[in-house]
Amino acid sequence: MNNQLDANQSGFKKGHSTETALLSVTEALRIAKAASKSSVLILLDLSAAFDTVNHQILMSSLSALGITGTSLHWFESYLTGRSFGVAWRGEASRAHHLTIGFPQGSVLGPLLFSIYTTSLGHIIQAHGFSYHCYADDTQLFLSFQPDDPTVAARISSCLADISTWMKEHHLQLNLAKTELLVLPANPSLQHDFTIQLDSSSITPSRKINHFDPYNVLLAIATNIPVLLMTGFVIQGHKCVPQMFALQHSDMSVMGWP
């Protein structure tokens, strides 16, 4: 099955991990900077990704990978016949049949999601972007000459096609938490462009605004100067949210060598 998955997917594959995903992205960005190129790194965020997977589309994806007959029926029986209900203050709703999503915490969920999103890579590469995934975390990046005037248009076009693909596959791209990070060829460069997608605007940043453990490690590894992270401190018997800054020199905090 691993041979059927996207080669740029490091999640839940033998011999792969967050480490291999980080190495793949950071090495590509390092080579680009050594060649005096700037890069943009886009961290896609999905809302409730595993909960909205359409079963019919997934079955078609499995069939396209050559999974047929008894094996395909086994997956179908695993997904179908499930229902859900809501209980509140002693009252319970009637059961509703589920045609989307995977059981929470299921062993097969991450593997099936990887299969479900395999075709997304073709959309990204069609725009000249590179990418890497770890489960439902997708990082796409583009390296370019600092004076390239087409970068903003290429980003907009790529994200528009990704958004269309997401809608066709019943997935929700969370633009409010999608990050566009700029890694200039040298610190004196300023890349000022705003990406408009649907009714949302995405502006370049040199820091991560939304905490995600994998993305934080990725930012540290790519030498993004300051990360704004949401952390928690213990005050008495309460766990209180708190913002704090993490400098690149503080990589040891995250156990980074």
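The face of helix α2 that is turned away from its buried side carries the exposed residues Gln56 and Ala64, where exposed means over 50% relative accessible area, buried under 20% and partly exposed in between, computed with a 1.4 Å probe on protein chains only. This is a predicted model, in which local features need pLDDT of at least 70 and side-chain atom pairs count only at pLDDT 80 or more, whereas totals for chains, interfaces and linings use all residues. Residues are numbered from 1 along each chain as its sequence is written, and side-chain values use heavy atoms, with hydrogens and water left out.

**The buried side of α2**

- Helix α2 spans residues 55-64, and its buried residues are His55, Leu58, Met59, Ser61 and Leu62; helices (H or I, at least four residues) and strands (E, at least two) are DSSP runs, numbered from the N terminus.
- Seen down the axis of α2, these buried residues fall within an arc of 160°, so they line one face of the helix, the arc being that of the directions from the helix axis to the C-beta atoms.
- An α-helix has 3.6 residues a turn, so residues three or four places apart point the same way.
- The cover over the buried residues of α2 includes α3 (69-79) and α4 (108-116).

**The two ends of α2**

- At the start of α2, a side-chain oxygen of Asn54 comes to within 3.0 Å of the backbone nitrogen of Gln56.
- Just after α2, Gly66 adopts a positive phi of about 95°.

**Packing of α2 against α3**

- The helices α2 and α3 pack at an angle of about 160°, with their axes 11 Å apart; the axes are lines fitted to C-alpha atoms, for helices over the stretch in contact, and angles run from 0 to 180 degrees between N-to-C directions.
- That angle makes α2 roughly antiparallel to α3, a term that applies to angles over 145 degrees.
- The contact, meaning heavy atoms within 4.5 Å, is made by His55, Leu58, Met59, Leu62 and Ser63 of α2 and by Leu72, Phe75, Glu76 and Leu79 of α3.

**His127**

- His127 is found in the loop between α5 (120-125) and β7 (130-134), and His127 is buried, with a relative accessible area of 17%.
- Not counting residues up to four places away in sequence, His127 touches Arg154, Ser157, Cys158 and Asp161.

**The chain as a whole**

- The protein chain has seven helices and 14 strands, and 40% of its 257 residues count as buried.

Definitions and conventions:
Polar contact = N/O pair within 3.5 Å; in protein donor to acceptor, adjacent residues only side chain to side chain. Parallel < 35°, antiparallel > 145°, perpendicular 65-115°, else oblique.
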